[in-house]
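Me: Could you take me through one part of this structure slowly? I would like a close look at the cavities inside and at a pair of packed helices.

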Amino acid sequence: MTDIKNKSQSVEIKPRRMAFDTSAPMQKFAFENNSLISTFFYALSALFPDGERFFIHSVRNYRDDIKDDILKEQIRGFIGQEAHHGVSHEALNKAIENMGFPMERIVGRLHKRVAFLKSLSRERQLAMTVAMEHFTASLAEFLLKNPEILDGAAPVVRKMLLWHAVEEIEHKAVAFDVYREHVNDEFMRKRVMVFAMISLFSRLAMYQVWLLRSQRHFPSWREWKEAAVFFWGKKGVLRDNMKGLAKFFRTGFHPWDIDQNYLIEDWEKRYPDIAELQVN
């Protein structure tokens, strides 16, 4: 347990302000012209701004209770990173909206969802954040292990997702450490994860239907086959994500039980085209 705490406290959480060019032209379905894959990521992007703000809110609920100086500093880094993620995805969502997709309709629905979540106890709000942070860290791990799957995406989407993935791994344990210190209810943590994933995937599916219907587009057989491989094939995004989610249900689990540091070390050297977008 001490080794995990040391690993958790040794990670630098650095907010980076990025200059993504969301005005660059994109084809309507920005992931290799596949509507199913594209609308999955469009729907996910629509969730990020309000979702990130909710995560910040749920951690801030405990700021007066935090005594550990290292955790306080990590919370500041977490808030800075999540705030920048929200701003960047708002710009991307606007670009997608301008192509004719009803992103604002999804955001409006999410406003109501977040208002409901804020009516829950602060313990359950934090448990929800812990669950979603693990989902995004698992997705981030897959993208950074397999960055080539984004080679066919619009450049701005590829760059934003990889930058976002790096920072999700950097701060993946912050909300968890607050939860362990001030709630530490294993049953609630696991139960909320089940509810969170059911809600997330049902909403993503519903939002994809909205996005596709807005274009009067029914996916072709080719698109269905490509999407099946992309999500559930041998190296499928969601198939891999399920493995990460399963680890969350181990009693005593901590995010740094999963070693993902190697994926973010020297990331600027591996992705110089993304690193150069940092604004000082």
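Reply: Happy to! Let's begin with a term: a crossing of two helices is left-handed if the near helix is turned anticlockwise from the far one by less than a right angle, and right-handed if clockwise. Keep in mind that this is a predicted model.

In this model, the crossing of α4 and α8 is right-handed. Helix α4 covers residues 103–117 and helix α8 covers residues 186–214; their axes lie 10 Å apart, at an angle of about 155°. Angles over 145 degrees count as roughly antiparallel, so α4 and α8 are roughly antiparallel to each other. On the α4 side, the contact is made by Met103, Arg105, Ile106, Arg109 and Arg113, while α8 brings Ser199, Arg203, Met206, Tyr207, Trp210 and Leu211. Sorted by class, six residues of this contact are nonpolar, one is polar and four are charged.

Now for the cavities. The most comes from α2, with seven residues. The lining of the largest cavity has 13 nonpolar, four polar and four charged residues.

The second largest cavity has about 100 Å³ of space. Among the residues lining this second cavity are Leu44, Phe48, Thr136, His164 and Glu168. Here the elements giving two or more residues are α2, α5 and α6. By class, this lining has seven nonpolar, two polar and one charged residues.

Methods: Residues numbered from 1 in each chain as written. Predicted model: local features only at pLDDT ≥ 70, side-chain atom pairs only at ≥ 80, totals over all residues. Heavy atoms only, no water. Axes fitted to C-alpha atoms, helices over the stretch in contact; angles between N-to-C directions. Helix = DSSP H or I, 4+ residues; strand = E, 2+ residues; numbered from the N terminus. Parallel < 35°, antiparallel > 145°, perpendicular 65-115°, else oblique. Contact = heavy atoms within 4.5 Å. Nonpolar A, V, L, I, M, F, W, Y, C, P; charged D, E, K, R; others polar. 1 Å grid on protein atoms, 1.4 Å probe; cavity = no way out; pocket = protein on both sides within 12 Å on 5 of 7 lines; lining within 4 Å. Points joined across faces, edges and corners; volume = space filled by probe spheres on them.
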